[in-house]
Amino acid sequence: MQLESLGSDAAFAGEAIRDAVRSMRAMERDALGYTLTKANASPVTVADFVVQALVASRLAEHVPNDPLVAEEDATILRTETAREVRGRVVELLGRIRPGCGLESEQVLAWIDRGRGLCGPRFWTLDPIDGTKGLLRGGQYVVALALIVDGAVQIGIVGCPRLSVTTAPASQPESGEHAMVAALEGDVEGGVAVAVRGRGAWWMSLHGNHLTRLSVSSESNPAQTRALHSLESRHSDVDELHRILRELGSHASPMLMDGQTKQVLLAAGAAELLMRIPIDPEYRETIWEQAAGALLVEEAGGRVTDLHGRPLDFTTGRHLLRNTGLVASNGLLHDAVLVIVRHRHVR
Ligand code: AMP
Ligand code: MG
C-alpha cells in the first residue's frame, strides 16, 4: 500500500506531517531553549510555533479555502517580551523552507491561520501534542485531522520519537504480523495515517510503503494493558488502577504524553486508554482527540467518552458533549463501560 492510494488529501497531509516530523528531529535541540508560558499557564516552545507555521503554510497552498483550527496563535509572539522567541521561530522556519526570504509578518500570519472556525469542513492541528514530553525528553507528536460534517475523515499523527515495525507473529502459519513499537534507543520516527473506511497505517520517514496498524486481539479483561497520561493532573490514574483491578488486570499502566498513546493502542501494544477528568467540568480539545480517535477506530478499536457516547466533533474547539475518554481494542470496551457505570466515575 502506498500513501497516494489513500487519496490526494491524505497524501498531501501525510507528507506535510512527515516533513514536520523530519524538521522536529533536525531542530529539536535548537527549539528547546526558548519557552514561553501561555495565559493558561501551559508551556509553549519555539517548536510549537514553527510546526504550526509549517503545516498552516502547506494547507494554505494545497487547500486555501479550508479553515484551520489549531492550538496556537501568534498573540503572545507579537509581544515585546517574545522578541527573541519570535526571531528564533522565523530563523528555524527559514531553515525548513529555504529560499522563501521569510518575513516575520508572513510567519505570524501563517500561525494565525489556525484561528479558523469549525465549519462543515475544517482541519484541526496540535503542532506539538505533549509539549511537556518534548521538554522532558519523552514522547510528543504532531497531530492533524480533517473533519467533515462532524466526522473525522483523515487523522495523521506524526511521531518523532516512536518507531513501529512489524515482526513475524508467534504462529507464522497465521500469516499475521505483530507490531512492535520502539520508544527508546535508536528510534527512527514515523507517521501514523488513518482514512475513514480505508484503515490505519504506519509510514516510516523514508519511502512510501505503508504498514497496516491493527489493535490487539486480546479479549481477556485480566490481560488488559492500559495507557495513561504522564501528567497526573490531566486524568485520575488512581481511578484507572481501581478499574484495572476490577477487570482483574495487575499490569501497571504505561504512562505517556499526547496521542502517542492512541498510536500504541492502534498498533496493538496495549488494549485500553482512559482519560478520567479530575475536574468533571474539563472538556477535551478537538486537536487532542480527533486524529487519535480515527486511528484507533480504523485499526479496529472503539472510542467513546466515559458514558459510552461517541465523541461529538460538532461543538467547536472543545468536546462540550463528552466527558473523558475510553479508547480500547473494542473487545474489552463494554466491560470497561460497565465498571465505569457502576463506579459512577465523573
Ligand atoms: P496528555 O499527555 O495525554 O495528558 O495530553 C496533554 C494535554 O492535556 C495538554 O496538551 C493539555 O491540552 C491537556 N490538558 C491540560 N490540562 C488538562 C486537564 N486539567 N485535564 C485534562 N487534560 C488537560
Ligand atoms: Mg500542543
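Modeller: Angles under 35 degrees count as roughly parallel, over 145 as roughly antiparallel, 65 to 115 as roughly perpendicular and the rest as oblique. The axes are lines fitted to C-alpha atoms, for helices over the stretch in contact, with angles running from 0 to 180 degrees between N-to-C directions. Helices (H or I, at least four residues) and strands (E, at least two) are DSSP runs, numbered from the N terminus.

The model is predicted, so local features need pLDDT of at least 70 and side-chain atom pairs count only at pLDDT 80 or more, whereas totals for chains, interfaces and linings use all residues. Residues are numbered from 1 along each chain as its sequence is written, chains are lettered from A and ligands numbered from 1 in the order in which they are written, and side-chain values use heavy atoms, with hydrogens and water left out.

The part to examine is the pairing of helix α3 (residues 83-96) with helix α4 (residues 104-112). Two packed helices are described by the angle between their axes and the distance between the axes. For this pair the angle is about 90 degrees and the axes are 10 Å apart; α3 and α4 are therefore roughly perpendicular to each other. Contact here means heavy atoms within 4.5 Å. By that criterion, α3 contributes R86, V89, V90 and L93, which meet S104, V107, L108, W110 and I111 of α4. Sorted by class, this contact has seven nonpolar residues, one polar and one charged. In that sorting, Ala, Val, Leu, Ile, Met, Phe, Trp, Tyr, Cys and Pro count as nonpolar, Asp, Glu, Lys and Arg as charged, and the others, Gly among them, as polar.

A residue is buried under 20% relative accessible area, exposed over 50% and partly exposed in between (1.4 Å probe, protein chains only). V107, L108, W110, I111 and D112 are the buried residues of α4, and they pack against α2 (46-62) as well as α3. Q106 also belongs to α4, but with a relative accessibility of 36% Q106 counts as partly exposed. Q106 and V90 are 16 residues apart in sequence, with their C-alpha atoms 9.2 Å apart in space.

From D112, the step to G199 covers 87 residues in sequence and 32 Å in space, C-alpha to C-alpha. G199 is in strand β10 (residues 199-204) and is buried, at 3% relative accessible area. Setting aside neighbours within four places in sequence, G199 is in contact with V193, A194, R212 and E298. L6 is 193 residues from G199 in sequence, yet 9.3 Å from it in space, C-alpha to C-alpha. L6 lies in the segment before α1 and counts as buried, at 5% relative accessibility. With neighbours within four places again left aside, the contacts of L6 are M1, V193, V195, R198, W201 and L210.

The interior can be described through nonpolar cores, each a set of buried Ala, Val, Leu, Ile, Met, Phe, Trp, Tyr and Cys residues joined through side-chain atoms within 4.5 Å. The largest has 58 residues, and W123 and L144 have the most contacts inside it. Helix α1 (residues 8-32) supplies the largest share of this core, eleven residues. A second, separate core of 42 residues includes A194, A290, A291 and V296. Beyond four places in sequence, L144 touches several residues, including A13, I17, V55, L59, W123 and A291. D9, found in helix α1, is buried at 19% relative accessible area. Beyond four places in sequence, D9 touches H62, V63, R121, W123, L146 and I154.

D126 is buried, at 0% relative accessible area, and I128 is buried at 1%.
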